[in-house]
Amino acid sequence: MAEEKKLHYLVVDVANVKPLCFGEEYESRMILDHVITGRDGVIQMNHGTVMPHFALGGATHEEDEIYYILSGNGTCKLDDDVVPVHGGQVIFIPKGTFHALDNSASDEKLEILTFWKDYRFNDAYEARMKAWGKSFKTIDED
């Protein structure tokens, strides 16, 4: 059995990561994945921002997802329920659960971290690959 190469630690400054914009309503920054770390099987982490006065359409995925609400106040539709969300909350979204963030009643951004077991289950990852040809860019790259 081959010994796994030890990776060097990694520090990512989120402010220097280029966001992929989905219209005026949502920005998505890939901050950790298999490309950035150099290892398959690393938990994928994304920094998302729902802009004030916008709601996202929502989705259902075939894998679990976790939201960590960093800041802001809004709601999250989870199947037929609508729950208030605010900074400091963690939301576990089991596979097959419809989920949608709504920040339409707020004047502040709703910022979240999303966590995935695998990059292939994140639609924003695929959109980055299509737009940029890679999953991660800094603000200094064109």
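## Strand pairing around β5

Two strands are taken as paired if DSSP finds at least two bridges between them. In this predicted model, strand β5, residues 73-78, meets that condition with β6, to which six bridges join it in an antiparallel arrangement. Within this pair, Leu-78 has Asp-81 of β6 as its bridge partner.

Both strands belong to an open sheet of three strands, ordered β6-β5-β8 and paired in the antiparallel sense. The edge positions are taken by β6 (81-86) and β8 (99-102); each has a single partner strand, so one side of each lacks a neighbour in the sheet. On average, neighbouring strands of this sheet are turned by 25 degrees against each other, direction ignored.

## The enclosed strand β3

Strand β3 covers residues 44-50. Seven of its seven residues are buried, so the strand is largely enclosed by the rest of the structure. Gln-44, Asn-46, Gly-48 and Val-50 point one way from β3, while Met-45, His-47 and Thr-49 point the other way, and all are buried. In each case burial rests on a relative accessible area under 20%.

## Strand β4 and its partners

Strand β4 is antiparallel to β7, and four bridges join the two. It also pairs with strand β9, residues 110-116, in the antiparallel sense over six bridges. Glu-65 takes part in both pairings: its bridge partner in β7 is Ile-93, and its bridge partner in β9 is Trp-116.

## A nonpolar surface patch

Ile-66, Tyr-68, Leu-70, Val-90 and Phe-92 form a nonpolar patch on the surface, and together they have about 430 Å² of accessible area. At least two residues of the patch come from each of β4 (65-71) and β7 (90-93). The greatest contribution is that of β4, with three residues.

Leu-70 lies in strand β4. Its relative accessibility is 34%, and it therefore counts as partly exposed.

## Loop residues with positive phi

Most residues other than glycine have a negative phi. Two residues of this model depart from that pattern. His-53, in the loop between β3 and β4, has a phi near 70 degrees. Its relative accessibility of 47% makes His-53 partly exposed.

Asp-79 lies in the loop between β5 and β6 and has a positive phi of about 55 degrees, although it is not a glycine. With a relative accessibility of 37%, Asp-79 likewise counts as partly exposed.

## Cysteines and disulfides

A disulfide is a covalent bond between the sulfur atoms of two cysteines. With a cut-off of 2.5 Å between cysteine sulfur atoms, the count in this model comes to zero disulfides.

Cys-21 is partly exposed, with a relative accessible area of 46%, whereas Cys-76 is buried, with a relative accessible area of 0%.

Note on methods
Residues numbered from 1 in each chain as written. Predicted model: local features only at pLDDT ≥ 70, side-chain atom pairs only at ≥ 80, totals over all residues. Heavy atoms only, no water. Patch = residues over 30% accessible without salt bridge, like charges linked within 9 Å, V, L, I, M, F, W, Y side chains within 5 Å. Areas by Shrake-Rupley, 256 points an atom, 1.4 Å probe, with all protein chains shown as cover. Salt bridge = Lys/Arg side-chain N within 4 Å of Asp/Glu carboxyl O. Buried < 20%, exposed > 50% of the residue type's maximum accessible area, 1.4 Å probe, protein only. Axes fitted to C-alpha atoms, helices over the stretch in contact; angles between N-to-C directions.
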